[in-house]
Amino acid sequence: MAISTTPPYSQKGVVIPVPVLVLSVLAAATMLFFLLSSLSTSCSCPPSLQAFGGGNGNGDGGVGRVSTTREDIEWVRNQIQQNGLHMQDNILRKGINPRTRAQQLQDLLQFKGISHYEGAEADNHTALPCPGELLVEEHHSNYGEPWAGGRDVFEFLADSSHLSPNSRVLEVGCGTLRVGLHFIRYLNPEHFHCLERDELSLMAAFRYELPAQGLLYKRPLIVRGEDMDFTRFGPNVMYDLIYASAVFLHVPDKLVWVGLERLVTKLRPYDGRIFVSHNIKFCSRLGGEECTKRLATLGLEYVGKHTHDSLLFNHYEIWFEFRRSRA
Ligand SMILES: *[C@@H]1O[C@H](CO)[C@@H](O)[C@H](O)[C@H]1NC(C)=O
């Protein structure tokens, strides 16, 4: 909940007297209490959301479930309806101070925040000081499409490759972890690996996303490097899933083939999957027959093309699936 100072940053060092602060928090909490209790008495929603298990078909009561079910969607639609929610203009109102990312960054640099340390104390209270650009999530606008689409990619890939938390996954080019975060959260510690060349993206991953999502304990192995150099992931690791989301488009065909050649021995034979998004021009440019032949010489086989609809916006992803055809 935002604490109201209207407008919050209108003057340097906004000071709210403690009694006023306590009183407004109390008042807000009381209102929230009444609001919640009135909602819960008028709610005719299904008795329990533990009915998750019904949708996932694996009888585990939702534990380890990946995809959003029809029940999930019904539930959230109900919540929106029962709370009478509509999109409104996001204008200044009590406790809410809409800002663009640029404005928010300016506020942060200029005013730091309502409560902050001054002088010598400014430098020894923050365990992981994060650059302002990352705090205002500028990197969420790096990909020309909504950040939320990362979840779609995860759900599609995890389901298609029959992932379990014990699986091992390699992403080629994980960027700011728009997709990777969901894998990291789902997989056992150390089971997510990634090769990424863009330094700023990795800063966002390490300095913002992993700590902010509480995922440091998952110890993902994220390596800065390029040119398909996978040596730092160790000689013996076997992946159940290797994927590249909109990465091979930006890499010369020759280098994609080098990468595939190096990766094929790290892919679990038969059951392991390589997924590549958008297109496979690195292969189709050779001509259909030549493309198949080239894959075969590596011990790879094209399985098929898939599309996956986004949950949140009018968009679908195209994915090409490959597997290892010999051990
Ligand atoms: C931070 O540094 C200041 C100045 O050296 C010192 O007085 C203070 O005790 C330190 N605080 C913490 C939490 O270490």
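Two residues are in contact when their C-beta atoms, placed from the backbone, lie within 7 Å.

**Figure 1. The whole chain at a glance.** Take this as a predicted model: local features need pLDDT of at least 70, side-chain atom pairs count only at pLDDT 80 or more, and totals for chains, interfaces and linings use all residues. Residue numbers start from 1 along each chain as its sequence is written. The chain has 11 helices and 7 strands; these are DSSP runs numbered from the N terminus, with helices being H or I of at least four residues and strands being E of at least two. Among contacts between residues at least 6 apart in sequence, 69% join residues at least 24 apart. Of the 327 residues, 24% count as buried. Here, buried means 20 or more other C-beta atoms within 10 Å of a residue's own, exposed means 12 or fewer, and partly exposed is anything in between, with C-beta atoms placed from the backbone.

**Figure 2. Around the ligand.** Ala120, Glu121, Asn124 and His125 surround the ligand, where a residue is near a molecule if its C-beta atom, placed from the backbone, lies within 6 Å of it. Sorted by class, this shell has 1 nonpolar, 2 polar and 1 charged residues. For that sorting, Ala, Val, Leu, Ile, Met, Phe, Trp, Tyr, Cys and Pro are nonpolar, Asp, Glu, Lys and Arg are charged, and the others, Gly among them, are polar.

**Figure 3. Helix 8 and its kink.** Helix 8 covers residues 199-212, and there is a kink of about 35° centred on Ala205. The bend at a residue is the angle between axes fitted to the seven residues ending there and the seven starting there. Buried residues in helix 8 are Ser201, Ala204, Ala205, Tyr208, Glu209 and Leu210. Their cover includes helix 5 (132-135), helix 7 (180-186), strand 2 (192-196) and strand 3 (221-224). Just past helix 8, Gly214 takes a positive phi of about 65°.

**Figure 4. Strand 5, covered on both faces.** Strand 5 (residues 273-277) is largely enclosed by the rest of the structure, because 5 of its 5 residues are buried. Arg273, Phe275 and Ser277 sit on one side, with Ile274 and Val276 on the other. Strand 4 (residues 241-244) runs parallel to strand 5 and is joined to it by 4 bridges; strands count as paired if DSSP finds at least two bridges between them. Within this pair, Ala244 stands opposite Val276.

Figure 5. Strand 6 (residues 300-309) and strand 7 form a hairpin with 6 residues between them. The two strands pair in the antiparallel sense over 9 bridges. Phe320 lies in strand 7 (residues 316-324), and Lys305 is its bridge partner. With 19 other C-beta atoms within 10 Å, Phe320 is partly exposed. Setting aside neighbours within four places in sequence, Phe320 is in contact with Phe275, Val276, Ile280 and Lys305. His278 is 42 residues away from Phe320 in sequence, yet their C-alpha atoms are 7.9 Å apart.

**Figure 6. Arg168 in a loop.** Look for Arg168 in the loop between helix 6 (149-160) and strand 1 (169-172). Arg168 counts as buried because there are 21 C-beta neighbours inside 10 Å. Leaving out neighbours within four places in sequence, the contacts of Arg168 are His191, Val237, Met238, Tyr239 and Asp240. Tyr239 is 71 residues from Arg168 along the chain, with 4.9 Å separating their C-alpha atoms.

Technical notes
The expected span of a helix is 1.5 Å times one less than its number of residues.
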